[in-house]
Amino acid sequence: MTPGTNNHDMFENLRLELRRGSLVLAVLAALRKEQYGYTLRKTLEEQGMAIDEGTLYPLLRRLESQGLLLSEWREEEKRNKRFYRLSTDGKVILKQLLAEWQSINSSLNGML
Amino acid sequence: MDLVDRYLKAVGKALPEAQREDIIRELSEDIRSEMEDKQSELGRPLTETEQQTLLKQRGNPLLLAARYHQDDRRVAFGRQLIGPVLYPFYIRVLSFNLGLTFVVIGTIFLALSLSGQHIGFNDILSSSLLQLFIQLGVVTLIFSLIEKSLTKHPDRWDLSGTCGSVRLGVKIEKNISKPPDRSKWISRFESVSIIVACTIALIWVTGVQSYPFLILGPAAAFLRLAPIWQQVYFPIVFLTVLEIVRAAINLVRPDWTLFRAVYTVCVHCGGLAVVYFLIRAGGWVTAADSLAAGPGAYAHAAHIVNQWIYYGLLVTAIFSAVMLIVRVTRLIRQPRQWGGSPRVTETANQRN
């Protein structure tokens, strides 16, 4: 393995690690408005936070099992879709996470 | 069954059972929404190749399903041998194999016990442990090889729900409006399983010739295999090799369903002939002469075991004959069912 490839792999791993934490925040923020999986994916993609379905749906299930999201199956355009939205606990956690995010952001801005 | 259904079926096989239906419904909705978007963008229905490309982008069904698993169990000795993706399959196969093995061991000991032989706890324990280690070793080895292949080539998979060096691409003649019904094709997972199972059986059959305890267990100390087994040894090996060859051919040409149907009937006839000669032999084990116990001391045990083998062979013969009749009838009555392959000009040899 060349040093270039090694560096690229290392960067890719760190980038994914950095994104992973932000994705939860992005999903919670996007679900302040009720959406179903596919539109949520499109919304995130349009906002520059592309996420593949293999990551998004398990994440939605995990957040739901943690009580941060609520979901229900409903018919729309003659098709059954599962709609997600933030729960009351989810709204509280999102507020706290956003405060934390802004704090980290301002600290980093000060250092950079 | 369309491509999406086949992809979802492959994912479903590896999902946690309690959530399977719900996850599949949601994934199905996501895939169909994406396809509809793409169709609106192009202004026409998607071709099969375009559908395949979209599904390929979603990744290996096994890896996708693994992301829904909450538990992270794996088998590791220093380094990981079997990861969380294959772990549920590994446990399922191991449980089935061990269950079957212990039923066979239990039957042998029951027969010996009914024949008046003294069966000690140590005999049962040593036989069970030996089988446990053999099964554990072989199944773990096979799964660790699959794991290695999956880790090395995560993008190699097909829509039969398997992974490894298998292919998806199919060329269909341009003048054919209706694509072949691939749901009837022989799954490559099935072909690989048959090759593995027959190879293990071949090794086992060969080993039994030199080490009768592999089939008789502790009874090998006072029972011997009758000469009929030497007479049917080569026909059994020949039929097993034929089955391996057939599975290897269907691995390359899964669309050769008629070939498999005819071939299987021929091999089945060969198997029935072997069973016939075995039944005609009348005796399958003989009592070993024992200096300590005296000549004929184990004749009663041999008699009881022979009776059990006789009933076993009889049941096998009846079951095989019924299966043969069913297969031949299906072959004659539904000739069109096997006719899917001629439309396919070049099959699964193309890797996407």
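The second largest cavity of this predicted model is lined by residues of chain B, namely Ala14(B), Leu62(B), Ala65(B), Ala66(B), His69(B), Pro84(B), Val85(B), Pro88(B) and Phe89(B). About 30 Å³ of space lies inside the second largest cavity, and its lining divides into eight nonpolar residues, one polar residue and no charged ones. Two helices of chain B, α4 (61-66) and α5 (87-114), each supply at least two residues of this lining, and of the elements involved α4(B) gives the most, with three residues.

The lining of the largest cavity draws on both chains: from chain A come Tyr36(A), Gly37(A), Tyr38(A), Tyr57(A), Trp73(A), Lys81(A) and Arg82(A), and from chain B come Glu26(B), Glu29(B) and Asp30(B). The elements that give two or more residues to this lining are α2 (37-46) and β3 (79-86) of chain A, together with α2 (20-42) of chain B. Among these elements α2(B) gives the most to the lining of the largest cavity, with three residues. When the lining of the largest cavity is sorted by residue type, four residues are nonpolar, one is polar and five are charged.

One of its pairings is with strand β1 (residues 35-36) of chain A, which pairs with β3(A) in the antiparallel sense over two bridges, and here the bridge partner of Gln35(A) in β3(A) is Tyr84(A).

Another pairing of β3(A) is with strand β2 (residues 69-76) of chain A, where eight bridges join the two strands, again running antiparallel. Within this pairing, Glu72(A) stands opposite Phe83(A) of β3(A). As a general point for reading such strands, in a regular strand the side chains alternate between the two faces of the sheet. Strands β2(A) and β3(A) form a hairpin with two residues between the strands, and in this hairpin Glu77(A) takes a positive phi near 50°.

How values were computed:
Residues numbered from 1 in each chain as written. Chains lettered and ligands numbered in written order. Predicted model: local features only at pLDDT ≥ 70, side-chain atom pairs only at ≥ 80, totals over all residues. Heavy atoms only, no water. 1 Å grid on protein atoms, 1.4 Å probe; cavity = no way out; pocket = protein on both sides within 12 Å on 5 of 7 lines; lining within 4 Å. Helix = DSSP H or I, 4+ residues; strand = E, 2+ residues; numbered from the N terminus. Nonpolar A, V, L, I, M, F, W, Y, C, P; charged D, E, K, R; others polar. Points joined across faces, edges and corners; volume = space filled by probe spheres on them. Pairing = 2+ DSSP bridges.
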